[in-house]
Structure formats: C-alpha cells, structure tokens
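These are my notebook entries on one protein chain.

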Amino acid sequence: MRRTAFTVTVDGSYAAWLALGHGTDGWFPERWTLDGPEPYAVSLPGGQPEEPDSEVLPLSDGRVLIRRRVAERYALSLLYPAGPGTGELPLGAIECPYLSLLPPAPDGTSAYALVHGEEQTTLWRVHGGVSGPELLATVPGHCEGGAWLDRSGRLLALDRELEGLTKAVVVDLGRGGETSPLLQITEKSNDRLLLAEPDSGLLVVRSDAPGVDRLGWGVLGSARPVRFPECLLPPDASLTPFAAAQPGQGLSPEGCSVAFRVDRAAGSWVGVWRPGRKRLQQFPGPAGWLAGAGLWTADGELRLPFVTPGVPCGLARLRLSEDGTPVMPGEAGEDAACEDAADPEEGEPAAVPAPRPVPLQQAPCARTS
C-alpha cells in the first residue's frame with residue numbers, strides 16, 4: 001500500500017511522495033527520477049518513520065524538501081541521497097497553526113509555503129532565499145490552492161475566501177506581494193483557479209456562476225469571456241485537471257492539452273481535452289496508476305506514474321495522434337462529444353497573453369446541449 005500524493009517538478013525531471021513500507025517500516029520519502037531512459041526511485045528514509053501528514057516537494061537538483069509538524073511549529077529540511085543513507089540539511093522552522101507547501105516553483109530551486117490564519121494568510125519563501133524562511137506577503141482572508149502564472153516565478157495565483165466568497169487572486173512577488181483580482185466572473189460567484197498553463201495563458205477554472213459548479217476555461221490577459229464546455233460536465237463523473245502543456249512552438253490556448261482525473265463510481269480514468277477540439281477523450285489508466293498524477297513532455301507525450309507488485313516505479317506513456325486522439329498500446333479510448341458555450345469566434349486564434357492578468361468577466365453562463 002502506498003500513498004498517492006505525488007508531486008512533479010515543473011521541468012519533469014524529478015518527483016517525490018511519501019511511500020508506505022512493508023511491515024513496520026512506516027512512511028518514508030521517495031524520490032523518482034523521470035528524465036532518464038527509464039524511471040527509477042530512491043528511498044530517503046530518516047532516523048524514524050515520517051508522520052503521514054508530512055509533505056514533500058521535489059527540487060530540480062534532485063533534493064527533496066520535507067515539511068514536518070513538530071509540536072506547535074513546522075520544521076523544514078532538505079533530503080538527499082548520501083551513500084547508503086539519507087543526508088539532511090535543516091532549513092529552519094515556522095511556529096504557526098498550519099503550514100502547507102505550494103506547488104513546485106518554475107525555477108526548480110525555490111520553494112514556497114502558505115501559513116493559514118483565521119483572518120489572513122501569509123506567503124513564505126522556505127528555500128531559495130538569503131537564509132532561512134522569509135516572509136514575503138500577507139493576504140487578507142483564507143487562501144488555498146496555488147498556481148504559477150508565468151515561467152519567471154513572479155505571479156502566483158491563490159484561491160482566497162473572504163467575506164463568504166472564494167475568488168482567485170494574484171500575488172505579484174515582483175511588487176512586494178501586491179494582490180489583485182484574477183477571477184471575477186460575477187459579483188456573487190465562487191471562482192477558483194484549478195490549473196494554469198503559463199506558455200499559452202490557458203486557465204482551467206471552477207465556478208458556480210452558471211448556476212451550478214462547472215469547469216470552464218479562459219485566457220490570462222484576454223478580454224474574451226470564460227467558457228463552460230458541456231463535455232467537462234459529464235453526468236456520471238467528476239473531473240480534476242492535473243497537467244497541461246502547450247505542444248510545439250505555437251502559443252495558442254485552444255491547442256493546449258489538458259489531462260484530467262475522471263472519477264466514476266467504478267474507479268478513476270484518464271481524460272484528455274483540448275479547448276479547440278471540443279472533446280473529452282476518456283480511457284482507463286494503467287494498472288496501479290497513482291490517480292491524479294502525471295506530466296506532459298515537451299513533445300506532447302503524457303506520462304502516468306504507476307506502481308504494481310512487479311513494477312515498483314513505472315511510467316505509462318500515452319501520445320496523441322495527429323487528429324488529437326490519445327493512443328495507448330493495448331488501451332481503447334472513448335470520446336465524449338462536446339459543444340462549447342456560445343462562442344461564435346471559437347475557431348479564431350486567441351490573443352497573445354498580456355504580461356499582467358486582468359479579471360475574467362462576462363462569462364456566458366447559458367447551458368448548451
């Protein structure tokens with residue numbers, strides 16, 4: 001039995017998670033190397049088993065940052081292979097009620113965390129600064145999530161709950177943590193950012209602006225509205241995006257590939273969707289898939305990590321054909337037809353994203369067949 005929390009670096013070189021050993025071994029960090037001919041795993045156990053609520057974050061230099069709760073504080077350290085054992089470099093600690101690590105930063109070497117308070121959230125750089133944890137910004141309200149909007153690591157999007165509503169906001173680290181709106185579909189809607197693809201500006205959002213919670217998409221810096229495709233509202237499943245990529249050199253949000261975890265009563269499948277093709281293609285994941293984990297390569301291959309009794313560290317490879325159909329040897333896919341919300345200019349290329357985000361407003365909320 002293993003835990004399925006699996007985090008991949010932005011460049012796809014490494015991943016890390018907490019694995020569960022056999023017998024009385026308990027939980028321990030495990031690092032996967034993903035950029036070689038075949039993936040391989042390295043265990044990074046400490047002097048004693050980890051608590052199951054510890055968090056790990058891979059860095060692009062091969063080290064793994066771990067966050068541990070110690071009494072009323074959170075201790076942070078870097079783990080790395082050291083001969084037959086594990087080396088550990090303490091980074092400091094933060095005394096607070098709760099601290100959570102943010103997704104890997106674009107530079108691959110910095111690490112950030114949120115400290116959650118009752119009325120405000122503070123943003124910390126916990127690795128990559130001058131020395132020790134560094135307070136960067138204070139944001140009123142309770143913040144969760146986290147998505148990087150650019151490749152420089154300057155613009156960070158957070159879902160902020162304030163005065164009973166949740167809206168996605170942007171924290172600009174280049175302007176001293178200045179906070180501004182990102183999603184404001186309607187004044188009374190809850191608008192969350194689930195995934196961002198920085199190269200094209202594609203944003204995958206969840207909002208109740210249409211009357212029920214739905215998945216939609218928009219473009220960072222564009223004046224075009226958020227759209228809510230019917231294919232992203234299947235009647236018998238729930239969707240969670242986990243990876244997006246812009247294949248090739250074109251910067252068109254409509255051409256991006258987005259991978260989803262598709263949860264049904266019978267289990268979890270894999271979904272692949274492109275805004276411009278208006279289809280959600282679904283197929284079973286590989287045996288032992290760490291459901292909700294995966295990455296796209298630069299040439300458009302989807303890689304899905306899996307663990308089986310015979311393969312303790314595996315990657316299933318899936319590639320899209322020229323017509324956008326996912327192809328996995330031995331697996332058959334099924335297509336769900338998708339009609340987008342009313343948008344007469346769907347085939348028109350999107351504008352190049354602006355350097356600063358603007359609120360996405362005036363979304364068409366009408367349901368379509």
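The entries below go from the whole chain to single residues.

**Ground rules.** I am working with a predicted model, in which local features need pLDDT of at least 70, side-chain atom pairs count only at pLDDT 80 or more, and totals for chains, interfaces and linings use all residues. Residues are numbered from 1 along each chain as its sequence is written, and side-chain values use heavy atoms, with hydrogens and water left out.

**Confidence.** I looked up pLDDT, the predictor's confidence in each residue, from 0 to 100. The chain averages 86, and 84% of the residues score at least 70. Over residues 329-335 the pLDDT is below 50, and the model gives this stretch 14 contacts beyond near neighbours in sequence. I take a contact to mean heavy atoms within 4.5 Å. Residues 362-369 also stay under 50, with 24 contacts beyond four places in sequence.

**Whole chain.** I found zero helices and 28 strands. Helices (H or I, at least four residues) and strands (E, at least two) are DSSP runs, numbered from the N terminus. Of the 369 residues, 51% count as buried. Buried means under 20% relative accessible area, exposed means over 50%, and partly exposed is in between, with a 1.4 Å probe and protein chains only. Among contacts with a separation of 6 or more, 44% are between residues 24 or more positions apart. The accessible surface is about 16400 Å², and carbon and sulfur atoms account for 51% of that surface. Accessible areas come from the Shrake-Rupley method with a 1.4 Å probe; for residues, only the protein chains shown count as cover.

**Core.** Next I looked for nonpolar cores, which are sets of buried Ala, Val, Leu, Ile, Met, Phe, Trp, Tyr and Cys residues joined through side-chain atoms within 4.5 Å. The largest has 17 residues, and L149, L182, L183, L193, A196, L203 and V205 have the most contacts inside it. At least two residues of this core come from each of β14 (155-162), β15 (165-172), β17 (191-197) and β18 (202-207). In soluble globular proteins, nonpolar side chains tend to be buried together.

**A strand pair.** Strands β25 (residues 301-306) and β26 run antiparallel and are joined by six bridges. Two strands pair if DSSP finds at least two bridges between them. R303 has R317 in β26 as its bridge partner. In β26 (residues 314-320), five of the seven residues are buried.

**A113.** I then checked A113, which lies in strand β10 (residues 111-116). Is A113 buried or exposed? A113 is buried, with a relative accessible area of 0%. H127 is 14 residues along in sequence from A113, and their C-alpha atoms are 9.6 Å apart.

**Cysteines.** How many disulfides does the whole structure have? I found zero disulfides, where a disulfide is a pair of cysteine sulfur atoms within 2.5 Å. C96 is buried at 8%, and C256 is buried at 0%.

**Positive phi.** I noted two residues other than glycine with positive phi. A71 has phi near 60° and sits in the loop between β6 (64-70) and β7 (73-82). A71 counts as exposed because its relative accessibility is 61%. K278 also has phi near 60°, in the loop between β22 (267-274) and β23 (279-284). K278 counts as partly exposed, at 25% relative accessibility.
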